[in-house]
Amino acid sequence: MRKGFLKKVHTVLLLTGLTCLLLSGCGKETLVTETVIDSVDSSLSEDHGITIYRVEGRSVVAEEERFQPKQPDSLASSLEETMAVIPMTEGVRFVAYSMAEENSVTLSLQVESSVSRETLLLEKAALIGTLEQIRSIGSMTLSIKDEDGRLIEENTYSGGSFYYYDRMIPTGQNNGQIRLYLPDEKRETLSEVTLNVTLQLDVSVEEEVVNQLIRREVFPAGTDLISISVTQKVAYVDLTRQFAEGTDAMAVYSLVDSVVALPHISSVQILVEGEKQEEIGTVDTHVPLSFQRP
């Protein structure tokens, strides 16, 4: 990729088979990396233009020639012109856009069922990496719907930080850790535990955190994760009804604190089979909760 696009790339949640031999508690799972694009150059001028990024195989690559919008001083025109030239994967289609206060932009995409999760993640990385070079854009929201118009996900990105998956292993990068907050034996307080993990292509980092809590029997028996999504830094965690039956406050605190420990999440809205609950385990859960460690 061009230097103007990536100033720093670091890898999280990465373990190779060789590393598994060196680190304790590591299972024999498939190598997958989750990469964070930390800093995107948001300059746009007649001299530099915009570097167009596209998905090629399992990577994001830059076009050789930079694109220069005809009306670079107009956000709407620059956005429309740039979207018209971005090569998009078959099955992913740009539908519309809208703008709000402080130049926040919402892009609407339609995705066919044939598009894999990995391809969609790479497509989002290419799209955001391209459009964030338009300096007047404040924040960017991607609203993604399926062929029937049902919302798949809606996330807001700002500050040049965006997660996408890749099988490349950057030299010297080997930070495969997440933090969990687990109840002690008496369930009176929480202890911080750091784990080395490996993500599979169909499992997000938020899902992995919740699944780790389920495996460690933090929640009542039979509790399972239905879905998890992130919108504007709020994680919506939908669990089966067992979570609300006999759950204590420590289970709620453990869930909230472990998910909020992720850098791109600020609060957690707990749902039980799609519905908000006024109270779970003596904790008020009808609104999103931030760090709760007692």
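User: Why does Glu56 count as partly exposed?

Analyst: The relative accessibility of Glu56 is 44%. A residue is buried under 20% relative accessible area, exposed over 50% and partly exposed in between (1.4 Å probe, protein chains only). Glu56 therefore counts as partly exposed at 44%. Arg54, with 22%, is partly exposed as well. Please note that this is a predicted model, in which local features need pLDDT of at least 70 and side-chain atom pairs count only at pLDDT 80 or more, while totals for chains, interfaces and linings use all residues. Residues are numbered from 1 along each chain as its sequence is written, and side-chain values use heavy atoms, with hydrogens and water left out.

User: What makes the meeting of Arg54 and Glu56 a salt bridge?

Analyst: The side chains of Arg54 and Glu56 come to 2.8 Å, N to O. A salt bridge needs a side-chain nitrogen of Lys or Arg within 4 Å of a carboxyl oxygen of Asp or Glu. The pair therefore meets the rule. By this rule the count is 9 salt bridges.

User: Which partners does Arg150 have in salt bridges?

Analyst: One partner is Asp146, whose side chain meets that of Arg150 at 3.1 Å, N to O. Another is Asp148, where the closest N and O atoms are 3.2 Å apart. Asp146 is buried, with a relative accessible area of 16%. Arg150 counts as exposed at 52%, and so does Asp148 at 60%. Shared partners also join the salt bridges of Arg54, Glu56 and Glu63 into one network.

User: What is the order of the strands in the open sheet, and why do some stand at the edges?

Analyst: The open sheet has 4 strands in the order S12-S13-S14-S15, with mixed pairing. S12 (225-231) and S15 (275-276) each have a single partner strand, so one side of each is left without a neighbour in the sheet. Between S13 (residues 234-239) and S14 (residues 267-272) the pairing is parallel, over 6 bridges. Asp238 stands opposite Leu271 in S14. Helix H4 (residues 205-215) packs on this sheet and touches S12 and S13, its direction making about 145° with that of S12. Such angles run from 0 to 180 degrees between N-to-C directions of axes fitted to C-alpha atoms, for helices over the stretch in contact. Helix H5 (residues 249-260) lies across S13 and S14, at about 135° to S14.

User: Which residues of H4 are buried, and what follows the helix?

Analyst: Val205, Glu206, Glu208, Val209, Val210, Gln212 and Leu213 are the buried residues of H4. Glu217 follows H4, and its phi is positive, near 55°.

User: Why is Thr240 called buried, and what does its side chain reach?

Analyst: Thr240, in the loop between S13 and H5, has a relative accessibility of 16% and therefore counts as buried. Its side chain reaches the backbone nitrogen of Asp224 at 2.9 Å, and a polar contact of 3.0 Å joins the side chains of Thr240 and Gln242. A polar contact is a pair of N or O atoms within 3.5 Å; within protein, one must be able to donate a hydrogen and the other to accept it, and residues adjacent in sequence count only if both atoms are side-chain atoms. Neighbours within four places in sequence aside, Thr240 is in contact (heavy atoms within 4.5 Å) with residues including Gly222, Ile226 and Val272.

User: What do the buried residues of H2 pack against?

Analyst: The buried residues of H2 pack against strand S5 (92-99), strand S6 (105-111) and helix H3 (117-131). Among those buried in H2 (residues 75-85) are Leu75, Leu79 and Met83.

Key
Pairing = 2+ DSSP bridges. Helix = DSSP H or I, 4+ residues; strand = E, 2+ residues; numbered from the N terminus.
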